[in-house]
Amino acid sequence: MKKSNIVFSILFVAILIMGGILTLLNNKSFFSFTENRYLALFPNFDFYNFKEGKYMLDLENYVNDHLIGRENLIKLKNKVQYYMGKRDIQDVYIGKNDYLFEKVTSDNFNFNRLKENIEIVNEFSQKYKNTKFLLVPSKGYIYDEYLPSFATYIEEKEIFDYIKEMNINFIDVTDIFFQRKSEKLYYKTDHHWTTLGAFYVYNYIFNNSKIDDYNWVEVSDSFKGTLDSKIIGLNKISDSIYLAQNKKLLNDFIVNSNSYLYDWEKLKNKNQYDFFLGGNTDEVYFETNNKNGKSILIFKDSFANSFVSFILNDYQFVYIIDLRYFNGNVLDYIKEKNPTDILILYGLNNFSDDIGLLKLQNIK
Amino acid sequence: MLFSSFIFIFFFLPLTIICYYLVPKKTRNFVLLFFSILFYMWGEPIYIFIMLFSTLFDYINGIFLDYFRNKNNNLVVKIILIISIVGNLGILTFFKYSNFLVNNLENILNVNINFPLIVMPIGISFYTFQTMSYTIDVYKGIVPVQKNIWKFATYVMLFPQLIAGPIIKYSDIYNDLDKRRESFEMFSSGIKRFIIGLFKKVVLANSIGSVFVTIKSISFDQLSFFTAWIGALAFTFQIYYDFSGYSDMAIGIGKMFGFNFKENFNYPYMAKNITDFWRRWHISLSTWFKEYVYIPLGGNKKHKNINLMIVWLLTGLWHGASWNFVFWGAYFGILLILEKNINFLKKRKTCNIWAHIFTMILIIIGWVFFFSENLSSSFLYLEKMFLIKTNIVDKYSFYLLFNNLVLFIICFILSTDKLESLLKNIKNKFDKPFIFNLAYIFLFILSIAFLAGDTYNPFLYFRF
């Protein structure tokens, strides 16, 4: 009877027992910051759930979510896969130069919904002639040299060409992005554009300011965006978030509002991008002391959040609606606010998945 | 419940081990039976009654068979045997094949039959074959009847092999039921086998499997030669590591409780011809079919080619209620007939690298039939693999290759016995069990890490 067998057997069983006990005791966290979701709760026994097998499934989910050392184990897995050559994890491309990209290829891109949404915008802009449409190109399209070697990405140029053939007032910013590529137009760890990227687009539309008109204040140097969370264990760098402060505007140039322009509390959370406008909300308005009577209504996704501070320069009233969360009547809202301009502003990838735009459909 | 889950590894297994080794020897089968029922009920809270019925059914058949045989009533004995076979096949056919049969009837007769969708109970293909092997072996006089229903139930429901095999014949295990002797050596060997199986399934099979899934989701007519081969190779490795990994875990767990199950895989991709392949792949199934179908039909003494074809059609059908599986079985049936009948194939020199490569290509072609939804897509896929109306590479080829090259190489090396020989040599020269044991613990942790990664589920947008 070899001693090594005895030791090994007992050691292994001890590992199994400890794993189980520690997992049961590991009840501290109920929300995962890296995954941005609530972790499974310990299920209550219920004969119906048992009969359907759901009780067992819930128990398994609980154990899976609360496994002792779970995050470190997942980091280990990601590292091993990366060193074996894998360059995409959880639909994120791990690119060169520390760039992370959403993995958007012709296999997972929702072409049908894209076409439907474009058609909705088309109809909408026939009815409301003061509508402009802006789609922000993806980081993977502009910075394709930093994609992993041989990686495929959707051909965004075809999409922009398709839109331009329609009678929509479409603002194509791809040339601006390509020209200014050497500057930091997107975050490395997040799919959003930076404040600088938003500025260049703003300036392209309104053409009335220079970089020096603003104080560029670094409000964070520790931003790790949505793409970082998906590949825990692999990303080491952080991004900086800048606030662009208009030198010519007074501190209280916002006269009335139902929201913060900047939510400093959010910088303490994982998702620091929520700093802009406090995250995604359904309806936000600002009234400035720009007494020019002009107003703009923006239908948006999260991309416009860092764009809003620039647009306050030009309008007295700014209305911002996120159609995913807005439950009011869009037609009534437009009639009531009667905006001078309407802007539909989305990132291309979000736009192709978005179902909120259905609320713009069939507005008579 | 799956072996490759945290609930099994950190709760069910240690609990079973503790209870098992705390109780006196004569109670140990009861502990196994209890936990086996729990194990099965975890996945099938309702259908467990079918398995319990199946167990009781063949237990009673065995008792009556023995009783009437002692009374020398050969007619009744034969009738009981037929009842057992028909009953078991009936249950299996109803739960596994009725929808398939009805669909085919509908297509032939061009009618619409309102037949409900039958869900197949987990493991039914395995446990019906096991109970059938019992009655047939009692009939043949190979094993004594088992009068103790608890022991018999323990055999049928033994949780290591209950859900995914290997198919254990009663004759291989009935001694172990009573007279097995557990030991630290066996337990330790069982742990190591379990860890290897877990590693194969969770690290190798799952990883190479996701490569296959990616390629399978591409429309077959857009595939290039290169990508089609990567996909076929990925599946070839996935199914081997998945299945043999699970068998390894079953054998390992069996050892922890003193049972010696027979090997189910023997480096099948080292086969030198197709006959050799089927002596190395899913050995328990081909053994079962040989003993209980091929030989009773006449074996290689009477019309052997027809017997072969029947056995292989059934083997294919056993794998799934779908024509592509039957075709896959027929494909191997034809190859085996050719090998057994064409002289120059029989007398081929062994250990020839080209023989291995040629055999491997035949096996991979077989897998294409296995994983395709239907015959026409299998042929479409094969066209791509053989450069018919096809580009050499496409936009996916290099990305898939370079991202997975190391993984493919590891899969290839571990599908041969080179590593095992190497490790045996090292072990003989340097007797340092401590380092080897540590390596197993590391493999275990790595496997747990990969399992944990599969549970990672991030949400981009937060909604209350």
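## Cavities

How many cavities of 30 Å³ or more does the count come to? It comes to two, where a cavity is a set of points, on a 1 Å grid over the protein atoms alone, at which a 1.4 Å probe fits but cannot get out, and lining residues have an atom within 4 Å of a point. A volume is the space filled by probe spheres set on the points, which are joined across faces, edges and corners.

This is a predicted model, in which local features need pLDDT of at least 70 and side-chain atom pairs count only at pLDDT 80 or more, while totals for chains, interfaces and linings use all residues. Residues are numbered from 1 along each chain as its sequence is written, chains are lettered from A and ligands numbered from 1 in the order in which they are written, and side-chain values use heavy atoms, with hydrogens and water left out.

## The two linings

The largest cavity has a volume of about 90 Å³, and among its 15 lining residues Glu102(A), Ser138(A), Lys139(A), His191(A) and Asn349(A) lie nearest its centre.

The second largest cavity, with a volume of about 30 Å³, is lined by Ile168(B), Asp172(B), Ile173(B), Asn260(B), Phe261(B) and Lys262(B).

## Paired strands in chain A

Strands (DSSP runs of E, at least two residues, numbered from the N terminus) pair if DSSP finds at least two bridges between them. Strand β10 (residues 254–257) of chain A runs antiparallel to β11 (residues 283–288) of chain A, joined by three bridges, and Asn256(A) stands opposite Glu287(A). Five bridges join β11(A) to the antiparallel strand β13 (residues 317–321) of chain A, where Tyr285(A) stands opposite Tyr319(A).

Conventions
1 Å grid on protein atoms, 1.4 Å probe; cavity = no way out; pocket = protein on both sides within 12 Å on 5 of 7 lines; lining within 4 Å. Helix = DSSP H or I, 4+ residues; strand = E, 2+ residues; numbered from the N terminus.
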